[in-house]
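Please read them alongside the sequence and the coordinates.

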Amino acid sequence: MKPLPRAAVFVSLLSAFTVQAAAGDWWRSALYPGDWQPPADAAFLDDAFLQDFSYAGYRRGEEALPHISGPVFAALDYGADPSGAHDATAAIQSAIDAAAAAGGGVVYLGEGTYRVAPPGDAAQALLIDHDGIVLRGAGTDRTFLLNTRTDMRARSVVTVRSPNGGNWRTETGPTVPVTGDLPGPARRIPVADASAFQVGEWVVLRADATPEYIADLNMADLWGSAEARGALGGPLFYRMVTDVDPDGGFIEIDAPTRFILLTRDNARVARTVDFLEGVGLEDFSIGNLQHPSDNGWGEEDYRNSALPAYDTHASYLVRWQGVRDSWMRSVASFRAPENTKPVHMLSNGVVLFYTRGITLEDVEMQRPQYGGGGGNGYMIRFSAAQECLALDCRVHWNRHGFVFSGMQTSGNVIHRGLARQTAWQAEGGRTNGRGSDHHMHLSQSNLVDGVTLDSDFFQAAWRGLWGTHPHGLTATHSVFWNLEGLRYLSGRPFIVESEQFAYGYVIGTRGPAPAVSLPRAQGDRTDPVDHKEGVGKGDDLWPVSLFQDQRARRLGGHDPGPPALTVCAPAEVHFPNRRARLEAITEDGADNGTSIAWEQTSGPRAAYIDTPGEGTAWAVIDLPGAYTFRATVERSEWSVAREVTVEFLPKGVEDTVLPAETAAFVRDGVHADTVYGAGAALEVKNDSPGYARETFLRFDTAAIQRPVISATLHMNSVDQGLDEMAHHVHRVSADGWQEDSLTWNTRPAPGALVGAVTVREGRSWALDVTAVFNETPGDTAFRLAAAMNYGAPGWMTYAGRTHAETEIRPRLVVRHDPAPASYEDWWSGAPETPPELRAPASDASGDGQPNIIAFLRGLPPLAAEPAPALSLHKDDSGLFLRWRQDTRVSTLPYRLEWNDGFDPEDWTPVILEYRFAHPAETGDIRTLEVALEQLPRLRFYRLRIDTDPQPPRL
């Protein structure tokens, strides 16, 4: 280990001490303190508050999703063809019917492709209408359910439906009035006759959409007609009775109400039709053959019976209706091999309609052929769905990914998962509709928790006059909690847009795209402005998940959370200092016996970490560069880690950002002679002959003195047509081309490959080009080309040289070596160095650098100057250190030492991995071969006579 600096260095460091990784404390929402309890007295129309969303999903989360083992009804035993050659609809339906007759069981689809289609006028290919049936495949990559019919208007591939249709508006038997207003969330319901109900039975609590109710919503002008009020239906909650108290005159229900229920609006409790339960769809992929028509896919074409959009309108892969406490697990859409377009489905993915307590887990839906108006291109839709859970689900390339619709949709939770690339259909690309949204008619009290957005956004805002009955208000009291944004959708610079009736909530966002929009398009109709808190601060939000924390509180095992942790370090340390103080502090400013450990996670070389105390450490750093250190705090079952970065810089180091001097892309095919010039965008494409695009960049680097510490090429994508692309970056030796004349036919030939980058999901990237930069004087030019197979629908569009956002234009970021040290200052600090071992300070070549300075920077001496006493030489066979032989000391050993700063006393021996007993002798020159990596640049070297009795070997 190198000698530690003197105490004076410690004083210098402490005086410049700064907090690098901000306070690091977990923060809580003002609406969710540590002692939060489900609201008891809050009123939906008057108060801002967070409800208890923990009831969502299969059996309120009180039981795990079941794994049914049997009995098993194998579709092969009923004649299903797994080869995909013959239709298997009747065979699979026979297996389903057999399971129904047996009281339930597993209908098993083994590995293979099963072709199905709705027979005749049937509304679906496969129908499950009995309790306890599980349709199971061998895995999403092994079992494929392929619908071959393309005239699927209002049809589904798989339907899970109660035999009676499952419409919970249908009241059966006598109704019992609610005897007191319920202005806020309630589980205890006062009723006129509690003895009319039994524990365990399912009921609906509902009220009518009276003129007064519509007036409370400020929507009398749009929803005030009798027809509109009848269609909207009023608030309704499907619940199980958990307690009956005839003497007290109330019943209790299994989950709270989600919006106002007032006696004025005929609030009542009623029995309704029976629902299915215990149904599961598991472990298979499902898709549709594409419609063969190429035209007729416009926004309103679903209205014209002569067009293909009419055939596909309102079709679904899976429809749930009149079902409770069931699940869909590990099911994905897929593209049939026969499809020549990127089509997984004709229009829609999954809809939950008149459902309660359905869990969708690990469901992935994407790529509709049609995403036009009237309800097409939706991936997962909650429509008259309550207390359902979408867990780790993913939606891509669609008109709308996740959708909430209707006044009887409430209490649903989307937890984690991904929404990516909205406003898309396979036919023609873009759609008018976009975003995952609360679509229409005041859905209530839903939670979106921890979802990642990539070129998508969630909306709970005013939706205007579209539809037979205007969409209007779309949401109230819905919560967006800790969403992560990777990229904004073009033209939508936010990941949440919230303008809810009464109150709405956006709490915590994170990632590179965290912005939130709270518009006031309707003013008084939606006042007050929704609650916004912690934008861009979601990484430190506690709890990380509102849904998980509330469920733990209700079911037990709630943890108050990890301790707050602050980590500090100097932002920069400059030569000659080499030590950085690292400090970790828990929330009360002391470790309190908490175990705190430090480790290095990145850096150009391992640093020595000296830990005098649990919370404080000293990092002794060697080479220049960025070093990251992690402090880990362990307390009970929690392990919390935070990182801090220290930049260790040579004296005078600086970064220079070089914008592209010239940038253009070219196209082949019929555009091979077209000049595209310096537009705001640069394109890369290689998916089919005649449509290839290549991008050329040139940077003026003449003013940068070489060598440099590092140089990186930065590009920022703004659009893409493929999830993942490989780019080849080549050096271009010819740099005389111009933007106003460059075409495919005149483009310069590519030189050596500089590197390759894999661009995932169109994100930005940086490529290390240090080597080619140091080898190239003057201009530096690069060529970007995509490496893909023909037929892949891929392109990448980058911000160009003239893009409106300057920070995302192409650029080279160059890190310089420090300016050479003063020769006189250096040698005056080391007077003991014998004159015969000093290199000359002359500058015979006139390049501004004395020869000794060139040597100290790791460059060979210039031949035009006198041979120095000590010099460094590099050729194809290695790196050589040479010095003049002095006959007076020929029998004594030599020691090579280095010093990286201006402290004359801080010399360290060069300890070589391979020892050399005797350097080779050639006349009066001795030569020592040293591995290049063992003599870094940015150091001073000296060779001295070692007079120790046992000198270290070279």
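**Points on the structure**

1. In this predicted model, helix H2 has as its buried residues Thr89, Ala91, Ile92, Gln93, Ala95, Ile96, Ala98, Ala99 and Ala100. Just after H2, glycine 103 adopts a positive phi of about 90 degrees.

2. Aromatic pairs number 21 in the structure. One of them joins tryptophan 168 and tyrosine 354: the ring centres are 5.6 Å apart and the planes stand at 65 degrees, so the pair is edge-to-face, the cut-off for that class being over 60 degrees. Tryptophan 168 belongs to the loop between strand S8 (156-161) and strand S9 (171-177), and tyrosine 354 to strand S18 (residues 348-366), so the contact ties together parts that are 186 residues apart in sequence. Tryptophan 168 is buried at 0% relative accessibility, and tyrosine 354 is buried at 10%.

3. A further pair consists of phenylalanine 458 and phenylalanine 480. Their ring centres lie 5.9 Å apart with the planes at 50 degrees, so this pair is tilted. Phenylalanine 458 is in strand S31 (residues 458-460) and phenylalanine 480 in strand S33 (residues 479-487), so the pair ties together parts 22 residues apart in sequence. Phenylalanine 458 is buried, with a relative accessible area of 0%; phenylalanine 480 is likewise buried, at 1%.

4. Which residues form one aromatic cluster? The members are Trp168, Trp202, Tyr238, Phe275, Phe353 and Tyr354. Tryptophan 168 and tyrosine 354, the edge-to-face pair described above, are thus listed among these members.

5. The charged end of arginine 367 sits over the ring of tryptophan 424, at 5.3 Å from its centre. For arginine 554, the charged end sits over the ring of tyrosine 55, 4.1 Å from the centre of that ring.

6. An open sheet is formed by four strands in the order S38-S40-S43-S42, with antiparallel pairing. Strand S38 (565-568) and strand S42 (608-610) are the edge strands, each pairing on one side only. On average, neighbouring strands of this sheet are turned by 20 degrees against each other, direction ignored.

7. Within that sheet, strand S40 (residues 579-586) and strand S43 (residues 616-620) run antiparallel and are joined by five bridges. Leucine 582 stands opposite alanine 617 in S43.

Definitions and conventions. Residues are numbered from 1 along each chain as its sequence is written. This is a predicted model: local features need pLDDT of at least 70, side-chain atom pairs count only at pLDDT 80 or more; totals for chains, interfaces and linings use all residues. Side-chain values use heavy atoms; hydrogens and water are left out. Buried means under 20% relative accessible area, exposed over 50%, partly exposed in between (1.4 Å probe, protein chains only). Helices (H or I, at least four residues) and strands (E, at least two) are DSSP runs, numbered from the N terminus. Rings of Phe, Tyr and Trp (its six-membered ring) pair if their centres lie within 6.5 Å; planes under 30 degrees apart count as stacked, over 60 as edge-to-face and the rest as tilted. A charge sits over a ring if NZ of Lys or CZ of Arg is within 6 Å of the ring centre and within 35 degrees of the ring normal. Two strands pair if DSSP finds at least two bridges between them. Axes are lines fitted to C-alpha atoms, for helices over the stretch in contact, and angles run from 0 to 180 degrees between N-to-C directions.
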